[in-house]
Amino acid sequence: MPIELKGKISDIIFQNDENGYTIANLISDELGEVTVVGCMPSVRELDNIKVSGEWKTHDIYGRQFGVMSFTHMAIDSLDGIIAYLASGTIEGIGLKMAHKITDKFGIKAIEILETNPNRYLEIEGIGRKKLDKMISSHMEGRQLKSIITAFSPYGISPAYCMKIYKKYADKSIDIVMNNPYGLCKDVKGIGFKKADEIAKKLNSGLDSLERIEEGIKYLLQEAAYSGHTYMLAPQLVSKAKELLLIDEEEILSCVSQMAINGGITIEEVDTEQRVYLDSYNLAETRAASNLIKLAYMNELGNQEKTIEQLELEEDMKLSELQKKAVTMALENKMMILTGGPGTGKTTTLSFIIKSFEQMKKKIILCAPTGRAAKRMSEATLRPASTIHRLLEAVYSEEADGLIFQKDEDDPIAADVIIVDEVSMMDVMLLDSLLLAVSEDTAVIFVGDKDQLPSVGAGRVLQDMLESNTIPSIELTEVFRQAKQSMIIVNAHKINKGELPITDQKNTDFFFMAKKTPSQIAELIVELVSDRLPKYYKLSSNNIQVLSPMRKSEAGVLNLNLLLQEALNPARQGKREHKAGNRTFRTGDRVMHIKNNYEKTWENLDENISGEGIFNGDLGYIDFIEPSEKKLYIQFDDGKRAEYDFTELDQIEHAFATTVHKSQGSEFDCVVMPISAFPPMLMSRKILYTALTRAKKLAILVGDSKYLKAMISNVYEEKRNTALSDKLKIYKETGMLLEENNGATVPF
Ligand SMILES: Nc1ncnc2c1ncn2[C@@H]1O[C@H](COP(=O)(O)OP(=O)(O)OP(=O)(O)O)[C@@H](O)[C@H]1O
């Protein structure tokens, strides 16, 4: 039987804003001061509460009351009322005004605000406007409190309660209790799984239409997270049966209904039924339509100088293929330039850029990630930005997500846009970019089609190439200068399925044999912490360990623990903070792993500040301030940002990172374990991507049998995408998507 205690909160010792876990002192009516511990998200100092739970004994802190549930009771002391009025919950009231109010109404101040608020107009300094604001903020606070109390048993954090309240206001509890699945579309961050959990606690049935609809959308979204823009109908139905535990007929009928009512699109192609979330179908279809429109609608002006003149100026003779690429770029509204490392993409690109510059064309360079943009800028000696920045991405509170300010109504002002590392671009980003490209602008896509595909849905570069609808050139010749590098030579060998050359002297590519994962990890630590800095004069920031996987002894997690111990061990006076089983220490190499468009930063060197820290941004922990529960990260690009201890899920140690996370980046030195990883992570593509990240030195450490296995494993998860099909159709039929009504029109 749970025990009940009543009393006033005298002190909040700890409160986690995310999950509501609170440790507080309660002055109990019967027992005096006791420590209460549990989920009490809406509890504040001086609140009168009733808790229900049981006594527990903590190893260090002794006897505590474990709270299972709690309720707020009316504030019954003058101090409590003053504290509440001045707490900031009620807009426009400070401590002075709170005293004025209690001087007038005493202990009944809050009751009067609720039942006869006009009496507040009797108080000097409170006019109609101010009073209306006071009433609405008091009611909001009360409603929010009751929502938090009502939803905390369902595992909905106060932060999400706030979002729910913003959406449904005073109807929040009714709406959620009636149909928790509505949260999936209305409140960002609450997905099908959470809604289903809530529904199950509410004992709602398995076969509600809302549940099936949201379940289907959830499966399609999960497929998109794995790279697919659609699912085949039989695959979707079988997964839905597994997830929802209902009959096939119910699923099929719901799918047909959704296709009619909106939400999903079904495309019949030959014998296949492809089921899309509307958003992915729109992005893929519109991107295909815009690609064809932009590529073929308008002519571009002619070049002024011949390639021969440029060759003289640059003192470099282009290969035939490179010349063809330059001519193609100048004569077409759109082209794709692809090729492996050292095949002269950058050189060709600089000829293209110079030709356009001589034609006085405005050229804009961009890439999908900050690091890729930085690399592009270094290679071309011209400014380059991320595609997001080019599109003027801003966080919209209304949309609770990112929106692009550049679009068809306000397109990018440029004659030529050159996009690098297109292999990393997903179909959503391609669509957003193309929407903001005007018909007078030419677009050049550059990338290596053999790199790992984008994290998001689509296989944009391969689809565009396979469709054969957009002029493209693949550079294949590795130039003499590039051939000096065994990294480049071996990358090409590996890409062709051949074993790398490892017996060269004065090489930049090494294979160091080790058998067991622990020997591999040990050697990697020795190399990074001692041998490489000593013999190659490399700083540890320029050495990146890349592993195909996170778990395992030779995986990212374990290597990070070992490398942290070797490179940045605990020392007296060096601050650290433990978060779960991770220890963050001043000086640790870290990576930000989620796009956070709202995170503010400042760059002290350049005296600028801004918003946005992105997935893949690398830096180190500069300072930890335990009293403020904060740490500070200095990023490699100069930004410095502050992280609350509750935000540490956004960062990870990065002495070692996954190969996937390294896409689009380059490092002076790459060290990679070659061990027994799961087959899908032991692929040629992963090895090739890792190796091509190295600029000066690449070291593979492991077992040659697994190296061979990786090279011969051409496994690549097939992605369901239809950009290529759509491009072919638009090109062949000459019909384009008309944006307003989704119909196709001739061009
Ligand atoms: N036509 C050419 N004749 C001689 N050397 C060339 C020619 N084109 C490029 N090179 C040289 O080949 C090397 C690789 O060229 P470049 O950097 O342009 O290739 P890339 O495809 O951009 O490589 P990566 O993708 O690795 O950056 C460079 O040293 C460059 O100077």
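Q322, A325, V326, A329 and L330 of α14 meet T347, T348, F351, I352 and S355 of α15; a contact here is two residues whose C-beta atoms, placed from the backbone, lie within 7 Å. For the classes, Ala, Val, Leu, Ile, Met, Phe, Trp, Tyr, Cys and Pro count as nonpolar, Asp, Glu, Lys and Arg as charged, and the others, Gly among them, as polar.

Before going on, a word on the model: it is predicted, with local features needing pLDDT of at least 70, side-chain atom pairs counting only at pLDDT 80 or more, and totals for chains, interfaces and linings using all residues. Residue numbers start from 1 along each chain as its sequence is written. Helices (H or I, at least four residues) and strands (E, at least two) are DSSP runs, numbered from the N terminus.

**Helix pairs**

Two packed helices are described by the angle between their axes and the distance between the axes. Here the axes are lines fitted to C-alpha atoms, for helices over the stretch in contact, with angles from 0 to 180 degrees between N-to-C directions.

| Pair | Axis distance | Angle |
|---|---|---|
| α14 (320-331) and α15 | within 9 Å | roughly 35° |
| α4 (128-151) and α5 (158-168) | within 9 Å | roughly 125° |
| α22 (517-536) and α23 (556-567) | 10 Å | about 40° |

α14 passes α15 in a right-handed crossing. A crossing is right-handed if the near helix is turned clockwise from the far one by less than a right angle, and left-handed if anticlockwise.

α22 and α23 also cross right-handed. On the α22 side the contact uses A521, I524, V525, V528 and S529, and on the α23 side N558, L559, L562, L563, A566 and L567. Sorted by class, that makes 9 nonpolar, 2 polar and no charged residues.

Now for α4 and α5, which are oblique to each other. Angles under 35 degrees count as roughly parallel, over 145 as roughly antiparallel, 65 to 115 as roughly perpendicular and the rest as oblique. Their crossing is right-handed. Q143, L144, I147, I148 and F151 in α4 meet P158, C161, M162, I164 and Y165 in α5, a set with 9 nonpolar, 1 polar and no charged residues.

**Around the ligand**

α15 turns up again here. Of the 16 residues around the ligand, P341, G344, K345, T346 and F479 come nearest; a residue counts as near if its C-beta atom, placed from the backbone, lies within 6 Å. The shell divides into 5 nonpolar, 9 polar and 2 charged residues. α15 (345-358) and α20 (480-483) each supply at least two of its residues, and α15 gives the most, with 3.

**The annotated stretch**

UniProt, in an unreviewed entry, lists residues 331-480 as "domain: AAA+ ATPase". Such positions are given in the numbering used here, feature names are shortened, and annotations may be inferred rather than shown by experiment. Over residues 331-480 the chain is 32% helix and 24% strand, with the end C-alpha atoms 29 Å apart.
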